[in-house]
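Hi everyone, thanks for making time this morning. I'd like to walk you through one protein, so let me put it on the screen.

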Amino acid sequence: MTRDRLSAELREVFDQQMSLCDSLERIADSLPHRLDRPHCQQIANLICPLIKRAHASEEALMFPHLSALGGDGCQVVERLRLEHIEDECFAEEVQFELQQIATGQPVLAPEATGYMLRGFFEGLRRHVRHELELMAALRAGNTLN
């Protein structure tokens, strides 16, 4: 696969994740009285499959290039794999709460839900920005130091 195609496929995955973050931020901002319950259900249905698909793409398309760098690249891959596991677990918690909100039976107080959503989407945005930086470094042929 060419680096341009690699970049295009990963950028699409990153764009989808950032769009998800924007949707989650809108939900957090609408708490507690302006919730769009059907939208909460739509995002609940989307979140875990999207995150898992994004991680699978990142691992298949970017990780081999990072691993090929040896040393630092292998350490970065290991850290990103752990982040993926954490993000997927967190996505499941967010999905559950959004499903509960959609049915009018939230488990958490609105403030706690907002805190949860913001923690998730801010972490995901940070993760995506870091991977975009890694892509740029790979494209430029730079080392990871």
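Let me start with a question: are α2 and α5 roughly parallel or roughly antiparallel to each other? Keep in mind as you look that this is a predicted model. The axes of these two helices cross at roughly 20°, and an angle under 35 degrees counts as roughly parallel. So α2 and α5 are roughly parallel to each other.

Their axes come within 13 Å, and α2 passes α5 in a left-handed crossing. On the α2 side, the residues making this contact are Ile47, Ile51 and Glu58. From α5 come Phe120, Leu124, His127 and Glu131. Sorted by class, that contact has four nonpolar residues, one polar and two charged.

Now let's step back to the whole protein. The C-alpha trace spans about 50 × 25 × 20 Å along its principal axes.

Next, please look at α2, residues 37-61, together with α4, residues 71-102. Which way do these two run relative to each other? Their axes cross at roughly 165° and come within 8 Å. Over 145 degrees counts as roughly antiparallel, and α2 and α4 are therefore roughly antiparallel to each other. Here, too, α2 makes a left-handed crossing, this time as it passes α4.

The list of contact residues includes Cys40, Ile43, Ala44, Ile47, Cys48 and Ile51 of α2. Among those of α4 are Ala91, Val94, Leu98 and Ile101. There are charged names in the contact as well, including Arg37 and Lys52 of α2 and Arg81 and Glu88 of α4. By class, the contact of α2 with α4 divides into 11 nonpolar, five polar and eight charged residues.

Last stop: the largest pocket. What is its volume? About 200 Å³. The lining is made up of Glu83, Glu86, Asp87, Phe90, Gly119, Phe120, Gly123, Leu124, Arg126, His127 and His130. Two elements give two or more residues to that lining, α4 and α5 (110-140). The largest share, seven residues, comes from α5. In terms of class, you'll find three nonpolar, four polar and four charged residues there.

Terms used
Residues numbered from 1 in each chain as written. Predicted model: local features only at pLDDT ≥ 70, side-chain atom pairs only at ≥ 80, totals over all residues. Heavy atoms only, no water. 1 Å grid on protein atoms, 1.4 Å probe; cavity = no way out; pocket = protein on both sides within 12 Å on 5 of 7 lines; lining within 4 Å. Points joined across faces, edges and corners; volume = space filled by probe spheres on them. Helix = DSSP H or I, 4+ residues; strand = E, 2+ residues; numbered from the N terminus. Axes fitted to C-alpha atoms, helices over the stretch in contact; angles between N-to-C directions. Parallel < 35°, antiparallel > 145°, perpendicular 65-115°, else oblique. Left-handed = near helix turned anticlockwise from the far one by under 90°. Contact = heavy atoms within 4.5 Å.
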